[in-house]
Amino acid sequence: MARRKYSVDEALIARYRKEGRGTGIGFDYLPWLEIGDVPSQGRSHRLRGAKTGRVHHFLSDIEVALFYVLDWHDAVSDIREQFPLDRDETQEIARQLAVGYPVDRHTRVPLVMTTDFLVDVSIDGSARQVAYAVKPSKALANVRTAEKLEIERLYWLGKGVPWGIVTEGEISKPLVRNISWVHSYRDIEDFNQPYPGYLAEKAELMLMDWPFWQDASLRQACQGLDLRFAMQTGTALLLVRHLIACKRLLCDMTLPLDDSAPVSRFHVAAPVQKVGRLG
């Protein structure tokens, strides 16, 4: 089904502001733009974040890839996508640069510019924010794109917030592929199980048994664990993905990760490293 015709007027901007778009933190944040609000280049995605517990809205595959990396990173505490910039300030920057300000092609109303990601991080014990613009590398040669990115750069410079451009070339494909393999298995409470807590109980038993499978492949170990703990076929692999997602099982996430990987590449996190959330 084709997307509806998209245009922006002052009434729509006022409605977004009234809805609280672009405000809140963590679970309560509302992005300025959501899937369905605008046509996207590439595929749109909704993904639940481990850091925030909310559903994030992404307008391209590159945004999803960066999200996986940020959501996995221990230093990241909050991720806000499609974060709105103050329209008066960005218009003034455009005037100073003597470049055209983005307007709606139908209504000619000045748009509210957004930054793809505003991220809260902890570096050396100090909390700070970092902003990212996400673009395919080929788009950077476009003069108009460069002008809008310069407005965005100067906006964040004025706020004292580090800002950078991320393209597909800056993101590790193996890392993203591996995170995506385990991401949706972090929360297992809603999975089918004989009784509440069954899967969590079996996961703990697997962790205790893990050192005895060091000479096996992940496939062989999971098959053996299914039999040992009287679990339905495939349950052990499901729990392995869960334990990796929760960082209870640790491994090099840049190496190929599938059921042919040797168990020796995985080790059980020490008790002080156990976390209930990614990061």
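Which charged end sits over the ring of Trp 72? That of Lys 247, 4.5 Å from the ring centre. For a charge to sit over a ring, NZ of Lys or CZ of Arg has to be within 6 Å of the ring centre and within 35 degrees of the ring normal. Arg 21 gives another case, lying over the face of Tyr 16 at 4.0 Å from the ring centre.

A word on the ground rules. This is a predicted model, where local features need pLDDT of at least 70 and side-chain atom pairs count only at pLDDT 80 or more, while totals for chains, interfaces and linings use all residues. Residues are numbered from 1 along each chain as its sequence is written, and side-chain values use heavy atoms, with hydrogens and water left out.

**Overall picture**

The chain has eight helices and eight strands; these are DSSP runs numbered from the N terminus, with helices being H or I of at least four residues and strands E of at least two. Its C-alpha trace spans about 70 × 35 × 35 Å along the principal axes. Of its 279 residues, 48% count as buried, where buried means under 20% relative accessible area, exposed means over 50% and partly exposed is in between, using a 1.4 Å probe and protein chains only. Among contacts (heavy atoms within 4.5 Å) with a separation of 6 or more, 62% come from residues 24 or more positions apart.

**The sheet**

Four strands make an open sheet with mixed pairing, in the order β3-β4-β5-β6. Its edge strands are β3 (76–84) and β6, each of which pairs on one side only. Neighbouring strands are turned by 30° against each other on average, direction ignored. Axes here are lines fitted to C-alpha atoms, for helices over the stretch in contact, and angles run from 0 to 180 degrees between N-to-C directions. Two strands pair if DSSP finds at least two bridges between them.

Strand β4 (residues 114–123) runs antiparallel to β5 (residues 126–134), with seven bridges joining them. Phe 117 stands opposite Tyr 132 in β5. Helix α2 (residues 61–72) packs on the sheet and touches β3, β4, β5 and β6, its direction making about 15° with that of β4.

Ile 79 has Val 119 in β4 as its bridge partner. Although β3 is an edge strand, eight of its nine residues are buried, so it is largely enclosed by the rest of the structure.

**Just past β6**

Thr 167 lies in the loop between β6 (163–166) and α5 (173–183). Is it buried or exposed? At 7% relative accessibility, Thr 167 counts as buried. Its side chain makes a polar contact of 2.6 Å with that of Glu 170. Such a contact is a pair of N or O atoms within 3.5 Å; within protein, one must be able to donate a hydrogen and the other to accept it, and residues adjacent in sequence count only if both atoms are side-chain atoms. Not counting residues up to four places away in sequence, Thr 167 touches Ile 62, Lys 135, Pro 136, Ser 137 and Leu 140.

**Rings**

A search of the whole structure finds 10 aromatic pairs. Rings of Phe, Tyr and Trp (its six-membered ring) pair if their centres lie within 6.5 Å; planes under 30 degrees apart count as stacked, over 60 as edge-to-face and the rest as tilted. Two of the pairs are set out here.

| Pair | Centre to centre | Angle between planes | Type |
|---|---|---|---|
| Phe 58 and Phe 67 | 4.8 Å | 40° | tilted |
| Tyr 185 and Phe 191 | 5.9 Å | 55° | tilted |

Phe 58 and Phe 67 are both buried. In the other pair, Tyr 185 is buried with a relative accessible area of 18%, whereas Phe 191 is partly exposed at 26%. Ring pairs also link Tyr 29, Phe 83, Tyr 155 and Trp 156 into a cluster.

Tyr 16 lies in helix α1 (residues 10–19) and is buried, with a relative accessible area of 2%. Leaving aside neighbours within four places in sequence, Tyr 16 is in contact with Arg 21, Trp 32, Leu 33 and Asp 37.

In helix α7 (residues 218–228), the buried residues include Leu 218, Ala 221, Cys 222 and Leu 225. Their cover includes α5, α6 (198–209) and α8 (235–245). After α7 comes Ala 230, with a positive phi near 55°.
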